[in-house]
Amino acid sequence: MKPVALFALLPLALAAPASAQLRVDITGGTAQPMPIAIPAFPTATPAPTPAGTTDAVGREVADIITNNLGGTGLFKPLPAGSYAAPGVAQVTAPDFTSFRTAAAQALVTGTVTANPDGTLAIGCFLYDVFTEEALVRRVFTVTPAGWRRAAHKCSDLVYTRLTGESGYFDSRIVYVAETGPRTKRVKRLAVMDQDGANPRYLTSGQSLVLMPRFSPVSETLTYMSFANNRPRVMLYNMNTGEQRVVGNFDTMSFAGRFSPDGRTVLFSVTRAGNSDIYAYDIASGQSRRLTSGSSIDTSPSYSPDGSKIVFESDRGGTQQLYVMNADGSGAQRISFGSGRAASPVWSPRGDLIAFTRMDGGKFRIAVIRPDGSGERRLTDSWQDEGPSWSPNGRVILFSRTDRNGVSKLRSIDLTGRNDRAIPTPTEASDPAWGPLLP
Amino acid sequence: MTKSFRTIALVGAAALALAACSSKKDVLPPQAWQAPPATPAPQAPIDQPGTVPPAESVTSSDYGAGQAGLVQAAGSDTIHFALDSYALDETSRQILGGQAEWLGRNRATVTIEGHADERGTREYNLALGERRANAARNFLAAQGVDTSRMSVISYGKERPAVEGSNEAAWAANRRVVTKVTGGR
């Protein structure tokens with residue numbers, strides 16, 4: 001699988017003025033999902049393409065958008081039989097009566113056309129069913145190999161137009177694929193689209209790998225590898241295959257995470273029972289120590305503006321969350337209450353920190369404000385750990401291990417609603433969301 | 001480290017490592033290693049120069065007999081810990097004392113592997129496993145074992161000895177294992 005080579009956006013027309021009233025409330029605790037119609041995208045003349053015939057692609061594009069929007073819990077896609085499926089002519093001039101009868105508030109439709117040069121043109125139209133206003137009119141031109149991305153781009157446009165926030169559908173997830181008995185677990189780095197499509201393995205499973213993270217700005221990953229029995233943080237460029245060790249330490253390093261600008265990797269180095277946080281400058285290859293003392297200081301994560309770092313430390317006796325300045329000064333504890341707090345990660349919006357709350361023998365995903373106020377527990381299972389934010393800061397990915405030791409990926413809305421499975425071919429752990437693709 | 005980028009795909013690197021590992025094993029002489037007698041041995045075979053490849057090139061399974069010798073002398077190659085603790089209890093000290101004695105008679109090298117149970121987060125458990133392994137290493141060093149013969153690695157909660165989410169499994173998994181990796 002190569003990244004999509006050709007991905008041109010051909011705007012047909014600008015979206016309608018932002019005066020439309022159609023809007024999904026994504027902040028309320030009891031929001032009703034918006035009824036939305038997403039019929040199969042019609043095609044003028046069914047034509048064969050490497051991605052399938054254009055009418056088959058049209059059905060799958062609608063399925064992908066349905067899965068994306070329905071999966072947010074904010075939309076209720078209506079069954080296909082409840083309205084008259086539009087033909088090509090109705091894409092630009094829909095029969096709104098049929099959709100009003102079906103109680104749809106919004107309509108997503110579009111066309112699929114095979115271009116003479118081998119590319120596909122996939123239209124993306126969003127209508128307010130009541131005002132009959134076109135809110136989105138766009139055509140994506142994609143290679144046959146990249147047709148799914150047009151469906152994700154369309155989903156992101158619709159989501160953004162109806163919620164007022166940026167989307168997260170045209171993005172990928174890196175995670176650890178797990179196979180074999182737990183005592184001899186094989187763990188491989190794997191990457192897939194956020195909806196589970198196009199999974200591929202990056203490592204053979206020969207060496208244990210843990211805790212991968214995407215660079216927010218490039219096709220680079222950081223992860224921990226036990227290759228040659230030397231557990232260390234690595235950098236891996238997915239485009240070139242280049243990789244290097246982060247830092248120059250002869251002892252274990254772990255918990256690597258990128259800075260928001262992708263230029264720095266924060267990580268921990270352990271020596272003689274003491275784990276400290278370092279910042280590694282990718283350009284110069286220099287590492288700078290940020291914490292000291294005999295405590296376990298780990299799981300560092302920058303604030304979106306890069307000025308602060310949240311991390312966990314047992315310096316006060318048990319694992320708790322601390323926020324310090326990016327130079328390591330001024331550490332302040334922010335987690336209190338019962339139990340321990342671990343693996344914090346700062347939201348890309350800056351307003352919240354997601355973390356693992358350990359209490360009463362369970363691990364739960366929770367969020368807290370950077371000043372330590374407003375802690376909320378989002379999940380309640382046996383062992384939920386290792387949160388990672390969606391690019392827009394609305395959804396949190398995490399791993400859930402059940403009482404039988406089976407590990408799977410899940411996601412949950414930051415409101416605590418919509419706890420759902422992320423499909424993977426094998427058991428999986430340590431998910432990390434990548435940035436929105438260009 | 002700036003210029004140390006290696007243009008090898010991950011899978012390729014792993015395959016190379018595997019190939020290198022197997023070829024090293026191939027050159028190991030068939031009789032390179034025999035179990036030392038349980039009672040004090042005049043000379044362990046690994047002392048003979050030229051019969052054993054460097055320690056880092058072989059896996060512990062090549063020295064199974066050495067492992068058996070250590071277990072027989074010390075009673076166990078494994079010590080256990082209380083929840084979220086890296087303190088050595090009396091039993092652990094006795095076992096480590098036996099291991100130190102065996103290491104005094106046999107010039108083997110060891111890797112000290114630290115492990116944690118599943119009731120900690122992944123990152124913390126890596127650090128906790130290292131604390132446990134380090135505690136064992138410090139004890140052995142205090143008993144006279146040269147630190148150059150000991151390496152430390154933590155697997156956190158990634159390599160449990162026993163499956164299961166119960167007190168017995170957790171207790172079995174909070175451990176440090178001393179693995180004989182070679183001679184010198």
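Reader: What makes Ala136(B) a neighbour of other residues, and which does it touch?
Author: Contact means C-beta atoms, placed from the backbone, within 7 Å. Leaving out residues up to four places away in sequence, Ala136(B) touches Ile79(B), Leu96(B), Ile112(B) and Val176(B). This is a predicted model: local features need pLDDT of at least 70, side-chain atom pairs count only at pLDDT 80 or more, and totals for chains, interfaces and linings use all residues. Residues are numbered from 1 along each chain as its sequence is written, with chains lettered from A and ligands numbered from 1 in the order in which they are written.

Reader: Which residues touch the most other members of the largest nonpolar core?
Author: Among them are Val265(A), Phe267(A) and Ala136(B), in a core of 107 residues. Helix α4 (residues 122–142) of chain B gives the largest share, 9 residues.

Reader: What makes a set of residues a nonpolar core?
Author: Its members are buried Ala, Val, Leu, Ile, Met, Phe, Trp, Tyr and Cys residues, joined through C-beta atoms within 7 Å. Buried means 20 or more other C-beta atoms within 10 Å of the residue's own.

Reader: Why are β10 and β31 of chain A said to stand at the edges?
Author: Strands are DSSP runs of E, at least two residues, and two of them pair if DSSP finds at least two bridges. The open antiparallel sheet runs β10-β9-β8-β31 (chain A). β10 (200–201) and β31 (427–436) of chain A each have a single partner strand, so one side of each lacks a neighbour in the sheet.

Reader: How do you know that β8 and β9 of chain A pair?
Author: Pairing needs at least two bridges. β8 (residues 171–179) and β9 (residues 186–193) of chain A have 8, in the antiparallel sense.

Conventions. Helix = DSSP H or I, 4+ residues; strand = E, 2+ residues; numbered from the N terminus. Buried ≥ 20, exposed ≤ 12 C-beta atoms within 10 Å, placed from the backbone. Contact = placed C-beta atoms within 7 Å.
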